[in-house]
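Subject: Structure for your files

Hello,

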Amino acid sequence: MSSSPKPVKKVPIHLQSAQNRVYIKNGEIVNHDKNFKADVYIEDGTIKFVGAASDITVPGGVRVIDATGRMILPGGIDPHTRLQSPFGDTVSTDDFYSGTKAAVAGGTTMIIDCVLPKKHESMIEAYDKWRSWADPKVCCDYALHVGVTWWSKSVSEEIGILSRELGVNSFKMYMAYKGLYMLNDPELLDVFERIRSLNCVAMVHAENGDVIDKNVKSLLAEGVSGPEGHELSRQEEVEAEAVNRACMLAHQMKTPLYVTGVTSKSSAELVGRARRSGYCVFGETLASSIGRSMSNVHKSELIYYITSPPIRMSAETPRQLMKSLAYDDLQVTGSDNCTFKKQQKEVGLNNFSKIPNGVNGVEDRMSLVWEKGVHQGLLDPCRFVAVTSTNAAKIFNIYPQKGRIAVGSDADLVIWNPHATRTISKTTDHHASDFNIFEGMSVHGVPEYVLVRGRICVDNGTLRVAEGFGRFIPMLVRPPFVYDIIDGKVKSHEVSSEHHEEHVNGNLAKKYGELGIIIPPQEPIHELLAAGGGGGSNCSSPSLKGAVEGRRDMQESSFSISEELDTSSVRPSIKVRNPPGGKSSGFW
């Protein structure tokens with residue numbers, strides 16, 4: 001994309017004559033459940049018309065955009081950012097202006113950030129502080145999760161106030177960061193129970209904090225102090241154990257669970273198996289983990305890629321996580337955008353436990369998912385919309401205001417060129433940091449126009465945002481997409497045709513057949529831990545069953561939660577025999 005002009009201060013939309021009325025013609029609309037040819041008319045930030053050109057008389061003074069050969073997508077929703085986030089004695093470099101500016105440049109039109117109170121700090125006061133940081137700066141709409149970093153009667157009361165009065169319906173717990181944010185199992189059970197009573201959504205950062213704490217001390221004592229110690233202290237099984245435990249604890253409390261930042265194949269498998277066993281759980285992976293591995297990062301550069309859970313070393317992991325998105329073991333992609341400059345990262349050069357955790361991703365997330373998913377043949381465009389926008393909107397109860405192109409929805413949309421390419425680089429991105437972890441990567445899929453509530457913020461590749469134009473979006477309690485599962489209204493064997501169409505995202509079953517994708521049946525999660533019967537899933541989409549080949553994939557992870565895992569069945573896999581455009585040696 002071209003470099004952006006100086007940012008515009010907030011200007012009332014009614015003074016921007018061509019900005020409040022836009023007509024987009026000749027494009028292909030892609031929602032999560034179907035795609036079709038139609039024109040779109042926008043006025044005052046809202047979609048007023050979707051249909052054939054013959055059915056509308058376009059008024060004068062309207063900005064007309066010809067989208068021939070382009071797709072019209074719902075704007076991306078990034079449900080996991082950490083902008084202007086304190087980390088020890090420093091603060092992440094992307095604040096709510098530069099972070100949302102970068103988001104818009106990449107086709108994301110709404111973010112959900114996370115308020116992180118200090119231990120013993122009032123959640124309400126922390127929430128007010130985040131609002132004071134964000135409201136004057138955001139270039140697109142935003143909402144807030146709130147972290148539960150300690151537990152008491154006052155915290156329980158404040159969760160009630162936040163959910164009833166302040167537009168927060170999701171609360172995040174940390175199973176890591178011992179002594180700082182970590183909650184133990186009894187506290188997690190109490191928080192889950194409280195969240196369920198308020199019809200909210202529980203979120204977890206899933207890593208075993210006790211194991212990490214022990215490993216960090218042991219590694220430092222043994223003289224392993226460089227950045228390579230980070231992943232050694234929190235290997236794949238440390239994440240997977242916590243994912244499994246979180247699923248079980250939430251299920252016992254009948255609380256819907258959202259697992260943030262899944263970075264390993266084993267953890268993605270556990271989320272999928274929990275869903276098929278009837279657990280109401282949703283999984284999110286990150287742009288950093290699907291966009292790259294650490295396999296080709298030079299040792300001297302490792303420090304700049306540190307985040308938690310870590311970007312994994314195996315070159316196979318990005319592909320495996322994308323497959324988990326394809327067959328609905330995972331439902332959402334976020335970025336966990338939390339950028340630091342090199343000098344900030346280098347504070348931990350001789351003690352990996354001091355390295356600020358976080359990388360970029362909010363700008364490149366959409367293009368990375370397109371490149372690794374759609375362009376490589378694992379996702380169709382409808383599923384792309386689901387995992388980058390619609391599923392997050394549904395889980396956090398802002399759908400169909402967000403995440404859909406329909407009459408009455410906010411005019412957050414992207415005119416997407418699926419054939420164009422761009423090369424990711426620090427010299428052209430819009431982050432405040434001084435490096436980009438995807439440097440030099442070429443990706444297909446470019447947002448040529450981006451509209452935020454009807455305002456054209458990317459205009460044929462030129463970015464021009466308005467600081468403070470974004471607004472806070474309250475997220476109401478009891479999202480139907482989540483609580484219909486909890487209430488037993490939606491079951492896999494009783495899914496209506498409408499639900500079926502939505503879950504398979506644009507006839508994905510047919511698409512899988514065309515691509516030769518085989519999805520084997522998998523045992524329920526409790527069979528991994530002890531011998532037991534199966535169970536239908538209330539959370540998973542209708543199963544897409546195929547043949548199980550008799551040979552094990554030798555590239556599968558050797559990690560297991562129990563001895564039974566390695567003998568009970570073949571690991572799940574997707575095999576793509578004929579990806580569009582032929583086979584590629586780079587990805588396959």
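The contact joins E236, E239, A240, V243, N244 and C247 of α7 to K265, S266, S267, L270, V271 and A274 of α8 (contact means heavy atoms within 4.5 Å). Sorted by class, the contact of α7 with α8 holds 6 nonpolar, 3 polar and 3 charged residues (Ala, Val, Leu, Ile, Met, Phe, Trp, Tyr, Cys and Pro are nonpolar; Asp, Glu, Lys and Arg are charged; the others, Gly among them, are polar).

This is a predicted model, in which local features need pLDDT of at least 70 and side-chain atom pairs count only at pLDDT 80 or more, while totals for chains, interfaces and linings use all residues. Residues are numbered from 1 along each chain as its sequence is written, and side-chain values use heavy atoms, with hydrogens and water left out.

Helix α7 covers residues 236–252 and α8 covers 265–276; they pack at about 15 degrees with their axes 8 Å apart. Helices (H or I, at least four residues) and strands (E, at least two) are DSSP runs numbered from the N terminus. Axes are lines fitted to C-alpha atoms, for helices over the stretch in contact, and angles run from 0 to 180 degrees between N-to-C directions. The two helices α7 and α8 are therefore roughly parallel (under 35 degrees; over 145 is roughly antiparallel, 65 to 115 roughly perpendicular, the rest oblique).

A second pair is α12 (365–375) and α13 (381–395), packed at about 140 degrees with axes 11 Å apart. That angle makes α12 oblique to α13. The crossing of α12 and α13 is right-handed. On the α12 side R365, M366, V369, W370 and V374 take part, and they meet P381, F384, V387 and T388 of α13. The residues of this contact are 7 nonpolar, 1 polar and 1 charged.

**Backbone**

Most residues other than glycine have a negative phi, and most peptide bonds are trans. The bond joining S308 and P309 is cis, with omega about -10 degrees; P309 sits in the loop between α9 (287–291) and α10 (317–326). The bond from Y399 to P400 is also cis, with omega near 5 degrees, and P400 lies in the loop between α13 and β17 (413–423). D328 has a positive phi, near 70 degrees, and is in the loop between α10 and β16 (332–334).

**Largest pocket**

The largest pocket is lined by 43 residues, with F87, G88, Y177, L180 and S353 nearest its centre (on a 1 Å grid over the protein atoms alone, a pocket is an open set of points with protein on both sides within 12 Å along at least five of seven lines; lining residues have an atom within 4 Å of a point). Helix α5 gives the most to this lining, with 5 residues. The lining divides into 17 nonpolar, 14 polar and 12 charged residues.

Regards

How values were computed
1 Å grid on protein atoms, 1.4 Å probe; cavity = no way out; pocket = protein on both sides within 12 Å on 5 of 7 lines; lining within 4 Å. Left-handed = near helix turned anticlockwise from the far one by under 90°.
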